[in-house]
Amino acid sequence: SDFIGGGGFLVCNLCCGPCGRTDLLLGYRYLNLRDELTVREDLVAADGTRFLITDRFRTDNDFHGVPVGFSAERRSGRWFAAVRSTVALGVSRQTTTIDGSTTIVAPDGSRSVFPGGLLTQPTNIGQYTESRFAVVPEVGVRVGTQLGNSLRVFAGYDFLYWSSVARAGDQIDLRVNPNQIPPPLPLNGPARPAFTPNPTDFWVQGFSVGAELRF
């Protein structure tokens with residue numbers, strides 16, 4: 001799994017004083033989550049025939065949304081505490097790619113390659129894309145101390161929730177029609193495995209330490 005994100009905010013100050021400030025936030029949020037699951041099998045039959053089987057499931061999620069929220073900071077002497085909370089509404093574009101292959105190595109060394117493995121067959125191999133409405137709330141907290149007029153250090157905690165994503169493992173159909181297992185036979189029976197979208201949610205949390213220099 002790989003996860004990245006970014007964005008920016010316009011800040012409108014609601015109130016400001018010697019002990020802190022509160023701001024209204026409005027901006028743009030982008031998130032990307034990539035997930036991949038690969039299953040490999042190396043089997044040898046009683047007659048010496050070898051089967052090299054690969055099943056691969058990959059998902060790619062992109063979120064584009066508009067976040068709105070607030071940030072507040074309070075100071076007491078050299079110490080400060082800050083909180084930022086936003087909720088982004090937008091579209092989650094979910095792409096699922098399913099592919100696989102089977103290589104059959106005969107006892108004499110000759111090879112035959114067929115599309116599809118065990119969980120990936122002609123009935124579900126392909127690329128599928130759909131867009132869903134998604135909500136992304138995010139909360140961040142920081143505490144720190146002022147070391148001088150322009151330098152301060154802090155430690156923080158962040159939590160982000162994404163309401164609709166496609167994960168690779170959730171797109172696997174475990175019901176397999178054995179007639180499709182390579183070398184394939186004419187389809188007889190249910191067209192399984194099949195692709196059925198199965199979105200879920202996703203959350204991530206993190207801790208940070210840093211320094212801030214203000215001019």
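Q: What is the relative accessible area of Val66, and how do I read it?
A: Val66 has a relative accessible area of 47%, so it counts as partly exposed. The general idea is a scale: buried is under 20% relative accessible area, exposed is over 50%, and partly exposed is in between (1.4 Å probe, protein chains only). The areas themselves come from the Shrake-Rupley method with a 1.4 Å probe, and for residues only the protein chains shown count as cover. Before we go on: this is a predicted model, where local features need pLDDT of at least 70, side-chain atom pairs count only at pLDDT 80 or more, and totals for chains, interfaces and linings use all residues. Residues are numbered from 1 along each chain as its sequence is written, and side-chain values use heavy atoms, with hydrogens and water left out.

Q: Where is Val66 found?
A: Val66 is found in strand β3. Strands (E, at least two residues) and helices (H or I, at least four) are DSSP runs, numbered from the N terminus.

Q: Which residues make the nonpolar surface patch?
A: Nonpolar side chains (Val, Leu, Ile, Met, Phe, Trp, Tyr) are joined within 5 Å, like charges within 9 Å. Here, Leu14, Leu24, Leu26, Val66 and Val68 make a nonpolar patch of about 430 Å². β2 (20-44) and β3 (50-76) each give two or more residues to that patch.

Q: And the inside: which residues make up the largest nonpolar core?
A: A core is a set of buried Ala, Val, Leu, Ile, Met, Phe, Trp, Tyr and Cys residues joined through side-chain atoms within 4.5 Å. The largest one has 10 residues: Leu31, Leu33, Phe63, Ala88, Ala134, Val136, Leu160, Trp162, Val165 and Phe202. Two or more residues come from each of β2, β6 (126-146) and β7 (151-165), with β7 giving the largest share, 3 residues. There's also a second, separate core of 5 residues, including Phe57 and Leu119.

Q: What does Leu160 touch?
A: Contact means heavy atoms within 4.5 Å. Leaving out residues up to four places away in sequence, Leu160 touches a list including Phe3, Arg29, Leu31, Val136 and Phe202.

Q: How many disulfides does the structure hold, and why?
A: A disulfide is a pair of cysteine sulfur atoms within 2.5 Å, and the structure holds 0. Take Cys16: the closest cysteine sulfur, in Cys15, is 7.7 Å from its own, so that's too far for a bond. For Cys19, the closest is in Cys16 at 11 Å, again too far.

Conventions: Patches are made of residues with over 30% relative accessible area and no salt bridge: like charges are joined within 9 Å, nonpolar side chains (Val, Leu, Ile, Met, Phe, Trp, Tyr) within 5 Å. A salt bridge is a side-chain nitrogen of Lys or Arg within 4 Å of a carboxyl oxygen of Asp or Glu.
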